Amino acid sequence: VGKTQLVNRFMDLDFSKKHEPTVVADMSNARVVKDKVEFNLQIWDTPGDAAALESLGERNLAADGCMLVYSVLMKRSIKCLEGRLEMYRNACKAAGNDVGEIILVGNMADKTSKVPFEKVQIWAEQQGIKRVVQVSAFKNDGVEEAFHAIIKAPKKDDLLGAFGNDEFNTSNRRRPIGKSDAIIDKSQWLPDAAAKDCACCGAVFNLMVRRSHCRACGDVVCRNCCANAWDFGGGVAEKTCDDCFSHFDSELAAMNMVGSTQ
């Protein structure tokens, strides 16, 4: 249906007519500005196969927003979305997260549609999805608007309640994922004073919840979210935040899968 192509277009990558099906979750980082607020996005391109989706942890599915993608050329692609939507909502519930913004996206809109848009809108309304759009990854038409539609700025009152008036900041500080083969230089670590809460789970730091730096991205997380260790080379494992570790582990699994098929 073109999920990966949509992500590539949003990341300003070239469109490729040839691509392999997504077999493991892959993550891309993007920095965008919306309504004068800067966001550091972590975009997960999840497998379309139901069995592969079930192999993912709830943490990988419980995102702040969800883009359900179908092909306007394939009627069966819309029928698969109900199961994907249920998995996303269940994962959010299990992780204790609110269900984020959901948008239904019909790709390949540059061609004559075989899926009546009116019927798609009716189905979306029944599922509680308020926004339905059609885009074209091939022509890069409507892609950026679709991604921006699921980005929501944090409420000012929520931030004030967490940090107080003097520390109010509408910027999302979460850093991009680090590199699996290189430890970030200590000079690039996020200062402790700039982190009031864990970049992974959001726990507010205090005498009981202590700060720890991820050796991959340099962000500040709680010790529970930095319990993993990754071998960056040389046989010495360094502590790594859950986000970086999960991404590195997915990359390694993908490389192993490709190697086993060759």
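Accessible areas here come from the Shrake-Rupley method with a 1.4 Å probe, and for residues only the protein chains shown count as cover. On that basis the accessible surface of the protein comes to about 15300 Å², of which 48% belongs to carbon and sulfur atoms. This is a predicted model, in which local features need pLDDT of at least 70 and side-chain atom pairs count only at pLDDT 80 or more, while totals for chains, interfaces and linings use all residues. Residues are numbered from 1 along each chain as its sequence is written, and side-chain values use heavy atoms, with hydrogens and water left out.

**Overall**

- The protein has nine helices and nine strands; helices (H or I, at least four residues) and strands (E, at least two) are DSSP runs, numbered from the N terminus.
- Of the 262 residues in the protein, 39% are buried, where buried means under 20% relative accessible area, exposed over 50%, and partly exposed in between (1.4 Å probe, protein chains only).
- Among contacts (heavy atoms within 4.5 Å) with a separation of 6 or more, 61% are between residues 24 or more positions apart.

- Serine 71 is part of strand β3 and counts as buried because its relative accessibility is 0%.
- Not counting residues up to four places away in sequence, serine 71 touches Val1, Ser77, Asn107, Met108 and Val115.
- Methionine 74 sits in the loop between β3 (65-71) and α4 (75-79); its relative accessibility is 26%, so methionine 74 counts as partly exposed.
- With neighbours within four places in sequence left aside, methionine 74 is in contact with Val1 and Val115.
- Methionine 74 and valine 115 are 41 residues apart in sequence, with a C-alpha to C-alpha distance of 7.0 Å.

**Valine 99**

- The loop between α5 (81-95) and β4 (101-107) holds valine 99, which counts as partly exposed because its relative accessibility is 42%.
- Valine 99 is in contact with Tyr88, Arg89 and Cys92, leaving aside neighbours within four places in sequence.
- The C-alpha atoms of valine 99 and cysteine 66 are separated by 8.7 Å, and the two residues are 33 residues apart along the chain.

**Glutamate 144 and surface charge**

- Glutamate 144 lies in helix α7 (residues 143-149) and counts as partly exposed because its relative accessibility is 49%.
- Asp12, Asp141, Glu144 and Glu145 form a patch of negative charge on the surface; such a patch is made of residues with over 30% relative accessible area and no salt bridge, like charges being joined within 9 Å.
- A salt bridge is a side-chain nitrogen of Lys or Arg within 4 Å of a carboxyl oxygen of Asp or Glu.

How values were computed
Patches are made of residues with over 30% relative accessible area and no salt bridge: like charges are joined within 9 Å, nonpolar side chains (Val, Leu, Ile, Met, Phe, Trp, Tyr) within 5 Å. Lys and Arg count as positive and Asp and Glu as negative; His and the chain ends are not counted. The place of a charge is taken as NZ of Lys, CZ of Arg, CG of Asp or CD of Glu.
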